[in-house]
Amino acid sequence: PIPPGMEFSHIVPHDVDLDSEEANEVSSDSPDPPVWADIMRFFSNPRKPMILALARPDPKKNITTLVKAFGEHHELRNLANLTLIMGNRDVIDEMSSTNGAVLTSVLKLIDKYDLYGQVAYPKHHKQSEVPDIYRLAARTKGVFINCAYIEPFGLTLIEAAAYGLPMVATQNGGPVDIHRVLDNGILVDPHNQNDIAEALYRLVSDKQLWAQCRKNGLENIHRFSWPEHCKNYLSRVGTLKSRHPRWQRSDDATEVSETDSPGDSLRDIHDISLNLKISLDSEKSGNMSKYGRSSTNERRNIEDAVLKFSEAVSAGTKDESGENAEATTGSNKWPSLRRRKHIVVIAVDSVQDADLVQIIKNIFQASSKEKSSGALGFVLSTSRAASEIHPLLTSGGIEIADFDAFICSSGSDLCYPSSNSEDMLSPAELPFMIDLDYHSQIQYRWGGEGLRKTLIRWAAEKNSERGQEAVTEDDECSSTYCISFKVKNTEAVPPVKDLRKTMRIQALRCHVLYSHDGSKLNFIPVLASRSQAIKYMYIRWGVELSKMTVVVGESGDTDYEGLRGGMQKTIILKGSSNSVPNQRHAARSYTREDVVSFDKPGTASVEGYAPNNLKSALQQLGAREG
């Protein structure tokens with residue numbers, strides 16, 4: 001975890017006379033803050049080192065154990081005072097029952113151990129007076145303690161260190177990380193009363209240890225400043241793999257201007273460096289840091305570090321972009337999507353295989369002129385796996401190379417046609433080249449093999465309930481990011497919303513997609529879908545969404561509605577469906593049309609899928625010339 005940043009410019013820790021027996025702050029002309037008197041009035045000897053605890057009276061803060069530790073350690077009682085800042089109160093009876101019980105226990109313990117004159121517990125303080133309380137504890141060469149049972153972070157420990165206070169802190173939670181950075185105190189077991197008392201006694205009795213802890217805290221506190229937070233954050237970001245696909249370039253493709261590239265978002269790092277420099281330069285000149293270095297040097301170091309980091313990231317981006325291009329697409333083979341003026345995405349789900357082949361042929365025929373000129377490209381989007389697409393197209397006399405890309409397995413795979421045996425998908429050596437960068441975009445929280453085993457157990461339970469094989473794993477159609485099942489009895493399989501609920505209960509994140517006729521069930525990553533693959537092609541290859549036309553039926557798979565929204569144009573083939581969609585397979589109990597209107601510009605309806613009708617629709621939407 002990256003700790004939050006803090007502002008330290010207003011904090012000026014005062015020097016103390018480490019050799020003085022009276023533990024006073026080096027002489028200052030300013031009067032003592034009023035809150036000092038409010039605290040000092042409790043003590044019979046206010047010159048003793050102050051052990052400061054600043055926490056609300058909550059059982060989790062473990063204040064009663066602190067009081068017991070102090071009360072039962074006679075050497076510690078003789079050497080130090082204890083100050084408990086437990087929020088603000090007027091009447092104990094008016095406090096919450098929990099807080100009131102803790103405060104009552106504290107008062108009873110003070111009476112039990114006769115700690116009058118040794119423990120301060122003021123009723124009120126202002127938030128603005130907290131820095132003065134830290135200063136008072138530091139002036140007396142005191143110690144700050146946080147002995148909560150568990151502390152998520154420990155902001156007060158950092159504040160106290162900024163004023164020169166060593167710390168005793170719980171070993172459970174955030175203080176461990178703070179101590180690792182500051183090295184300004186001792187960690188203790190909050191359940192061990194003797195451990196707490198001994199740690200406090202060591203710090204207040206050993207002047208050299210106290211001075212070293214104070215010095216370490218002041219020298220290292222800058223590591224929790226906002227500039228340091230930004231530098232730490234950017235360095236962590238630099239180690240992460242980009243989740244945003246970069247533009248791909250080739251010598252034979254139209255260049256995309258630098259300002260159009262999504263990779264330009266990395267230039268923000270340069271902007272951060274510049275803004276950080278301006279911010280730091282705006283500070284008052286000549287302000288010397290009390291943490292062992294000058295503000296000027298600190299600013300220069302931060303500026304140089306961030307600038308070098310931003311330059312390194314930019315250089316790395318260029319190198320990585322070239323490597324990705326080589327690994328993903330091959331040395332001389334670039335998808336032709338970049339050269340197309342318009343893309344037709346065929347995503348008709350509600351037809352049989354023979355009808356789909358005929359629809360593809362009719363679309364090719366309707367746009368033969370644009371297809372032959374290279375102005376129009378084609379993408380096939382389907383729930384079918386790549387291993388199913390190849391025989392389907394070849395049996396219908398359609399060349400794989402007629403398409404520029406294939407969105408397979410409900411959007412969990414994105415492939416391009418390839419004739420290079422090195423790029424072909426194994427083990428069947430299919431003529432497809434898979435986009436590995438697309439996988440890097442959708443792999444977030446994908447359950448993989450663990451999810452597959454869970455789904456196999458789920459399928460076995462369903463089959464056992466029905467006494468028949470209602471649903472079975474489809475090994476041939478499953479892939480790294482798609483777990484596919486054959487559904488033999490559609491009534492035996494629950495609706496999509498119930499399946500999603502089952503997955504959520506088991507903390508498994510995935511999309512559940514039925515095919516239109518309910519015979520196929522795909523589980524894919526939450527970031528994968530056919531509509532997302534279309535958007536990815538825009539980012540990856542610069543294919544404008546407004547230059548895409550998606551051809552769909554009147555109904556489709558579970559993700560059908562996602563294909564009809566967005567900036568792309570839509571052609572709806574009416575009368576092409578062979579069956580009425582099953583509401584059990586829908587993603588929700590209501591249609592998306594109830595929320596988002598599909599009656600938008602750029603939508604055309606066609607009766608059937610005759611070539612002439614398709615030609616008119618494509619012409620109407622600008623996908624072919626008139």
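This is a predicted model: local features need pLDDT of at least 70, side-chain atom pairs count only at pLDDT 80 or more; totals for chains, interfaces and linings use all residues.
Just after α6, Gly164 takes a positive phi of about 90°.

The largest nonpolar core comprises 68 residues, among which Ile39, Leu66, Leu84, Ile145 and Leu200 touch the most other members. When residues up to four places away in sequence are not counted, Ile145 is in contact with Ile51, Leu52, Ala53, Leu66, Val168, Ile196 and Leu200. A second, separate core holds 49 residues, including Tyr416, Leu455, Val487 and Val512. In soluble globular proteins, nonpolar side chains tend to be buried together.

Two packed helices are described by the angle between their axes and the distance between the axes. For helix α2 (residues 63–72) and helix α8 (residues 193–205), the angle is about 65° and the axes lie 9 Å apart, and α2 passes α8 in a right-handed crossing. On the α2 side the contact is made by Thr65, Leu66, Lys68, Ala69 and Glu72, and on the α8 side by Gln193, Ile196, Ala197 and Leu200. The residues of this contact between α2 and α8 divide into 5 nonpolar, 2 polar and 2 charged. Leu66 of α2 and Leu200 of α8, which take part in this contact, are also among the residues of the largest nonpolar core that touch the most other members.

An open sheet is formed by 8 strands in the order β11-β10-β9-β8-β7-β16-β17-β18, with mixed pairing. Strands β11 (432–434) and β18 (603–607) stand at the edges, and each has a single partner strand, so one side of each is left without a neighbour in the sheet. From one strand to the next, the twist averages 25°. Within the sheet, strand β8 (residues 376–381) and strand β9 (residues 405–408) run parallel and are joined by 3 bridges, with Ile407 in β9 as the bridge partner of Ser381.

Two helices that pack on this sheet may be described in turn. Helix α13 (residues 353–366) touches β7 (342–346), β8, β16 (548–553) and β17 (569–574), and its direction makes about 165° with that of β7. Helix α15 (residues 386–395) touches β8, β9 and β11, and the direction of α15 makes about 130° with that of β9.

Technical notes:
Residues are numbered from 1 along each chain as its sequence is written. Side-chain values use heavy atoms; hydrogens and water are left out. Two strands pair if DSSP finds at least two bridges between them. Helices (H or I, at least four residues) and strands (E, at least two) are DSSP runs, numbered from the N terminus. Axes are lines fitted to C-alpha atoms, for helices over the stretch in contact, and angles run from 0 to 180 degrees between N-to-C directions. Contact means heavy atoms within 4.5 Å. A crossing is left-handed if the near helix is turned anticlockwise from the far one by less than a right angle, and right-handed if clockwise. Ala, Val, Leu, Ile, Met, Phe, Trp, Tyr, Cys and Pro count as nonpolar, Asp, Glu, Lys and Arg as charged, and the others, Gly among them, as polar. A nonpolar core is a set of buried Ala, Val, Leu, Ile, Met, Phe, Trp, Tyr and Cys residues joined through side-chain atoms within 4.5 Å. Buried means under 20% relative accessible area, exposed over 50%, partly exposed in between (1.4 Å probe, protein chains only).
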